[in-house]
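Hi everyone, thanks for coming. I'd like to walk you through one structure today, a few spots at a time. Have a look at it first, and then we'll start.

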Amino acid sequence: MEKQEIKKLRELPIEGVAERLGLRVTRHKCLCPFHEDHHASLSFHVSRNTYRCFVCGATGDTISLAMRQLSLNFIDACRWLANDSNIILTEYKAPPVSDVTTFDPKRYERFFERPWLSDVARAFLFAERMIDERVVRWCRLTSWQDRKGVNWLQIPYYDCEGRLIGIQNRNLNPRDDLPRFRFPQGSRCTIYNLPILRLLRPDDDLYITEGCSDCWAMLSSGRKAIAIPSATLMKDDDVTTITRHLTPHTRLHMFPDNDEPGERLFLQLKSRLPDLQHHHLPLGCKDFAEYYVLTKKKGVSS
């Protein structure tokens with residue numbers, strides 16, 4: 001493994017790596033997964049690209065974070081980061097074909113043919129998030145419960161042609177000892193709701209959101225929308241995919257999250273999409289999903 005390759009892995013945005021590992025990052029902090037933590041004692045130093053827990057003393061970079069969180073040695077942690085970020089390591093040798101674990105769409109497609117929502121999932125989508133049932137059907141959201149009784153919302157990712165390319169499982173029973181998200185091996189969860197691009201007409205408005213929840217809210221409000229998984233996980237190929245499918249005179253819009261990563265995502269997109277329009281959320285609303293719920297509640301009460 002070359003030093004330059006290791007350097008690239010250490011330069012991956014630390015907060016993006018943390019999110020991919022299932023940690024909830026808010027204002028550069030999260031609950032420390034290395035001890036019983038209830039007050040978000042793990043901090044991220046974005047300029048140094050490091051983390052540090054002020055309680056248990058855990059500290060390090062992207063590689064050490066992957067090592068500790070996934071219980072991997074240095075080499076395997078590097079491989080995990082490289083595979084997750086499309087970085088090719090010169091020393092890496094692919095295992096025999098029979099041992100390779102890749103995402104098999106046929107194994108999962110049947111789950112989305114007849115989506116089923118548990119009471120917990122319905123409460124999350126309809127009562128808490130107030131998502132339109134038509135949006136849930138369009139996105140083919142379904143749910144399941146694991147052997148430990150944990151409820152998960154299963155979110156399929158499709159390419160522009162409607163082919164299943166990845167799955168994101170969202171934990172509906174938040175606990176400190178469980179990850180917020182899980183992904184089947186080989187899942188490609190890049191841009192969410194790509195099939196909507198095929199429905200764009202000339203002069204249409206397209207909204208770019210951050211995360212699936214904002215996308216569901218935007219769709220429920222009657223707008224066409226796609227989602228970038230995270231400000232810290234966006235890749236150049238994601239923007240290329242968007243521009244390739246835009247129609248003539250498509251108007252691009254965005255309500256960035258009311259935080260630094262949200263503004264950073266907007267600026268990253270703006271550099272590639274100069275016509276992207278910035279819309280401000282009201283003070284006190286952290287993201288569009290929250291703004292949408294407040295708007296719906298006001299509509300009900302009025």
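Before going on, some housekeeping. This is a predicted model, where local features need pLDDT of at least 70 and side-chain atom pairs count only at pLDDT 80 or more, while totals for chains, interfaces and linings use all residues. Residues are numbered from 1 along each chain as its sequence is written, and side-chain values use heavy atoms, with hydrogens and water left out.

Back to Thr 243, then. Thr 243 belongs to helix H9, residues 236-244. Helices here are DSSP runs of H or I with at least four residues, strands are runs of E with at least two, and both are numbered from the N terminus. Thr 243 is partly exposed, at 36% relative accessible area. For that scale, buried means under 20%, exposed means over 50%, and partly exposed is in between, using a 1.4 Å probe and protein chains only. Thr 243 and Leu 273 are 30 residues apart in sequence, and their C-alpha atoms are 8.2 Å apart in space.

Now the charged pairs. Side chains of opposite charge can pair when their charged atoms come close. How many salt bridges does the structure hold? There are 12, counting a side-chain nitrogen of Lys or Arg within 4 Å of a carboxyl oxygen of Asp or Glu.

One of them joins Glu 161 and Arg 163, at 3.4 Å from N to O. Both ends are partly exposed: Glu 161 has a relative accessible area of 45%, and Arg 163 has 49%. Glu 161 also meets Arg 198 in a salt bridge, this time at 3.5 Å. That pair links distant parts of the chain, with Glu 161 in the loop between strand E6 (151-158) and strand E7 (164-171), and Arg 198, 37 residues apart from it, in the loop between strand E8 (181-182) and strand E9 (205-210). Arg 198 is exposed, at 55%.

Is the next acidic residue, Asp 204, buried or exposed? Asp 204 is buried, with 11% relative accessibility. Asp 204 has a salt bridge with Lys 224, where the closest N and O atoms are 2.7 Å apart. Again the pair links distant parts of the chain: Asp 204 is in the loop between E8 and E9, Lys 224 is in strand E10 (residues 224-228), and they are 20 residues apart. As for shared partners, salt bridges join Asp 159, Glu 161, Arg 163 and Arg 198 into one network.

On to the strands. There's an open sheet of 4 strands in the order E5-E6-E7-E8, with antiparallel pairing; two strands pair if DSSP finds at least two bridges between them. E8 and strand E5 (142-145) are the edge strands, each pairing on one side only. Between E6 and E7 there are 7 bridges, and Pro 156 stands opposite Ile 167 in E7.

Helix H8 (residues 212-220) lies across E6 and E7, at about 75° to E6. Axes are lines fitted to C-alpha atoms, for helices over the stretch in contact, and angles run from 0 to 180 degrees between N-to-C directions.

E9 and E10 are a parallel pair, joined by 5 bridges. In that pairing, Leu 206 stands opposite Lys 224 in E10. E10 is mostly covered, with 4 of its 5 residues buried.

Last stop: two arginines. Arg 129 is in the loop between H6 and helix H7 (133-139), and Arg 129 is buried at 18%. A polar contact of 3.1 Å connects its side chain to that of Ser 213. Leaving out residues up to four places away in sequence, Arg 129 touches Phe 124, Arg 170, Ser 213, Ala 289, Tyr 292 and Val 293, where contact means heavy atoms within 4.5 Å.

Arg 10, in helix H1 (residues 3-10), is partly exposed at 38%.

Key: A polar contact is a pair of N or O atoms within 3.5 Å; within protein, one must be able to donate a hydrogen and the other to accept it, and residues adjacent in sequence count only if both atoms are side-chain atoms.
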